[in-house]
Every structure is written in C-alpha cells, then in structure tokens.
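This report describes how the parts of a structure meet one another. Please look at the sequence and the model before reading on.

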Amino acid sequence: MTRQWQLMRDAQTFLGASRLANNALIGIHFAQIAKSKGTSPNVDHMNKIDDGIKLLTKVLKTLEARERREKVSSEALSVLYAISQGRLVREPLALRHIIAGSIDELQRFKRGEIETLEEAEELLEIIANSTAEEATKASSKIRIFMMEAM
Amino acid sequence: MLLVDQKASDLFSKINFAREKIAKIKSPDEILINYFEDLKTWLDQLENQVRKNQEWFKQFVTTTNFTEKDHLRDEPQRRLLADILRACREVERHFYLGVDAFLPLISVWSHQRSDEDTRKQHKLLVSFIQDLLKLSNIPEVTMVILGETHACLPLYWGKTTRHTVFATLSEIENLRRWGLLAHEMGHAFYDLHFEDFYLNVIPQVIRKLAETKPINIEQSEFEATIYIWATKWIPELTADCFAIKNMGPSFLTQFMLIALDSEPDRVEPSHPPTNLRVKFMIDMLESLELFDVNVEFYRNIWGAYSRSVSRPSSRYILNEEVVNEALNGINSIVRDSPIKNKWNDIFEAREFLSQEMMPDKDLMSIVSATSLVDPTINLYPIYETLLERYASDHDSF
C-alpha cells in the first residue's frame, strides 16, 4: 500500500493555497509598480488581492473554528502546517492577530487608503513560498507504478 | 521569444499532445470515456491558466521595460517577476500531477484489456472493483491497472476527482490478496465524503489534541501533529474502516499478513501504528456481529506477534482520548456495513471453497470467502473457473 493517495492530495492542497497567495502578491506588486510610476493600478490586478483576503480569512476562521469544534478548512490546515515548519512559528493568538491585521491591511490597500503594506505582503510571501515548497516535496515523491505497456 | 513565452509555448504543446492523445482513441470503452470528458475540461482550465500567466508576463514586460539583457534592481519589479515565475511553476505542477501521471495509464489500460496475457485477469479484476464500488455506493467507475503494488492514484482535475486503482501483478492469481484493494477504494470513499470529515471528525480531533497538549510541546510540533492526524492518519484509518465494513475478516487477515513484519508500535507520520490499526479493525469487526466470526481468535494471533516484539508508545500523538475521538468519528461517517448483508453468501461460499468446490455465488462473496478458508487449500482452480465465468470472450464490462 503506497502513499500515492496522500502525496497527490498533499501536493494538490498546497498548490491550491500557494496559488491564492501568489495571485494576491501579483496584484500587490503590479499595484506597487503602478503607484511608483504615478499611474493608477489596473482594476483586474487589484481584484487579485481578493484571493489573498479569501485565503487569509479561511486560515483565520479555521484558527477560530479549531477552538470551537466547528468546520475547518483543509487548505487552511495545510497553510498553518507549512508556515509553522518554517519562518512563522507563532502561538495561535499571536498568529490570529497577524492574520486579522493583514486582512485589514489588504482591504485598506485595495481601497487606496494606504500606500504600503506592513505585514500582509510578508505573510503572503511566507505562505506562497512555504506551500509551494511543500507541494514540490510531495510531487517529487510521487511515482506511478505500472508494468510496461508494450 | 522570451524564455517565459517559450515555457508557455512548451506547456501549450503538452496540453495539445494530451488532447490529441485522447482524440486518437476513436471509441473509448465505457470506463475510459468517463475520464476523458473530465480530463478535457481540466486541459481547458490549464490552458486558460497558461494564457493568464502569459498575459501577466506581457504586462510585466510592458510596465517594467524588462529585457533579458540585465537583471532587475527595483524591489517590487523583482518580486513581481518571482510571482509570475511561481505561477508558471504551479501550472506545470498541475500538469504533472493530473496529466503526465495519467496519460501513460491510458496505453497500459488499453494494452492490459486486449493483450492475450492479461486480458482475462484484468477483466476479472475490473469486475471485482466495479462490484465493490457498487456495493459501497461509490458512484464512480474506476480504471484498474496491473502494476507493481496495491495503490490508489487520485486525479484531482479542478472540481472533479477520479481514481485509478493499481493491483500487484504478481498477486493477481492469488484471490485471497484481492481483499486488500478494499483499503485502496477506501481512499475514494474518503474523497467522496471529504467535507464530512472536515466538519464532523477533524475539528473534534483537533480539539482533543489541544485539550491534551503537554505544556512543553513546541507550536511547530503541535501544528505537525494536527496535520498528521488530519491529512494522513484519519484518511488511512477511514480506508481501514471502509475495508472492514465491506470485506470483513478477509481484509483483516490479509492486512495482518502484510503488516506482520512491520514494527507494530512504530509512529510514522504517514500511517498510524499497525497495532492501532489492527485494534481498530478488530473492534470494528466485533461491532458488526457477524455470526461464526471469533474476534478473540484474531486478537490472540495478532497479540502473539505484536506483544512479543513491541511495546505500546506513550507519545502525545497517540493520546487515548484523541485516538477514541478519531475512531468514533470515522465510524460515524463510514456508516454503511455492506458486509452484513453479504455475510450469508460469504459464509456459504466458504463452505464450498473448503471442499475445493466452486460456489454458486457472486464474485465479491467468493473473493471475500477465499481468505477465510484453510490457507493450504489450492484456490487456483477456483480462479480459473472465475476467469471463465466473468472474463470469457463472450462477456463485456
């Protein structure tokens, strides 16, 4: 009995989380470049930030749900695992504070109320990098077992 | 053409190759056709993602005047390029996991279906798997490949999940071993009921882990423990539970055989300790109350080996309250016990097989019964008769 099923599911979940964080970063960085050139950010780029807000909200809700025995998200659990193994080891309360602050920052950045991001960008970078790394680890272990066809 | 565009072009070629590979099969069989429809949709989605990445890169080049002659110095520009490259890598990974892993299986499947050496045994095995899916109410048809080892390969194509089951070729004539495939199908069951587990089992297990957390445990270890239980151990125990409720003692016997030389109390991130798994399965079996099944017999033979060679671990991950929460939750989601309705047939089939006679029963019952007869009985003639019955040239699946 091999671990194919586990590895495929792991890779898929980490890729899903990484994509959302990365989409938001693309939106943020396009917007920052536009602002540095004195032009208005493209609306489509700004809307990509919503993917990051969506992911962070899922993680925040899962952290809260973990204390109340309510439904948790597999994507959020994967994010919490990936970041806890790397650069962002925090107690749940401190982590909730960082995530809630980041969501608020992203929303204000989208509305044009702030020019720079203090925490959200770094948090999304950590999530995108650590989940992408976990996806790579899982997918590199997958082997397809089969006999020769011809 | 810039390198990023070349990468996109390569990926378009791969996507088109996959489309052509599917299109070349003029009349796919009734199982394969189900996969093709979903795969085509997935390829369209991947193509859209590659186009999106290309568009982002084009906008990036226009905005930053990027050329391949010098590196970037502006921080947001450098980061944006890194983001776009990461997006490209993600699509490549998706292609590898969902398409590269699947395409070669089409040829293997078709070959094994038609080749003189494998045709009949493959057909019989496919019948068994489809019967098992039907019995357990999993609304799926599944490709089966004779390969190196028992395994379940999931294919996550966007919102659709499909599975391919692998069976060990060298064990194909040993009907007793077929019961092990029920565990692999248990993974398909888990995928089907995925949301239920994240609503009704995993939160409760996390809560217990938090309640019983030792004070000196690091946050990273706590997160890893949650992750192992949620994504590894609960799915594995679910597959075991599913296998017992579909195959009963036949699965347990074969599982004990394959796990006999493992270290029974070893804690692995990928699988719960074998002792825990066997204990869970025996308890499940006991709760099924199948007549003439002596669960103490299984407890004793397993204990004779495991207690002699191993001692239970007292690690936090195996806290009794956590384990009980997980097992009760899993049991509540793997509700159906098809073995209960099948047991009469299996029992009668066992009587025939014990006298080396072919039972007039369905394939599932016969395969289940093979594990319950004296292991010295040669079941090869039964296997040959089954090939004739289920996989002759007149039949089709």
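How many residues does the contact take from chain A and from chain B? The contact takes 49 residues from chain A and 54 residues from chain B, where two residues are in contact if their C-beta atoms, placed from the backbone, lie within 7 Å. The model is predicted: local features need pLDDT of at least 70, side-chain atom pairs count only at pLDDT 80 or more, and totals for chains, interfaces and linings use all residues. Residues are numbered from 1 along each chain as its sequence is written, while chains are lettered from A and ligands numbered from 1 in the order in which they are written.

On the side of chain A that touches chain B, the elements giving two or more residues are α1 (4–36), α2 (43–68), α3 (74–84) and α5 (120–140) of chain A. Helices are DSSP runs (H or I, at least four residues), numbered from the N terminus. The most comes from α1(A), with 19 residues.

Chain B is divided by its domain assignment into domain 1 (3–100) and domain 2 (108–339); such bounds come from an automatic or database assignment. The centres of these two domains of chain B, taken over C-alpha atoms, are 35 Å apart. Ten residues of domain 1 of chain B are in contact with nine residues of domain 2 of chain B. On the domain 1 side, helix α2 (residues 32–64) of chain B supplies the largest share, eight residues.

Ala, Val, Leu, Ile, Met, Phe, Trp, Tyr, Cys and Pro count as nonpolar, Asp, Glu, Lys and Arg as charged, and the others, Gly among them, as polar.

| Contact | Residues by class |
|---|---|
| Side of chain A that touches chain B | 25 nonpolar, 14 polar, ten charged residues |
| Side of domain 1 of chain B that touches domain 2 of chain B | five nonpolar, four polar, one charged residues |
| α8(B) with α13(B) | four nonpolar, two polar, three charged residues |

The axes of helix α8 (residues 202–211) of chain B and helix α13 (residues 320–333) of chain B come within 9 Å and cross at roughly 175°. That makes α8(B) roughly antiparallel to α13(B) (an angle over 145 degrees). In this contact, residues of α8(B) including B:Val205 and B:Leu209 meet residues of α13(B), among them B:Val322 and B:Ala326.

B:Ala326 also touches B:Val201, B:Trp229, B:Ile234 and B:Leu237, among others.

Notes:
Axes fitted to C-alpha atoms, helices over the stretch in contact; angles between N-to-C directions. Parallel < 35°, antiparallel > 145°, perpendicular 65-115°, else oblique. Lists of a residue's contacts leave out its neighbours within four places in sequence.
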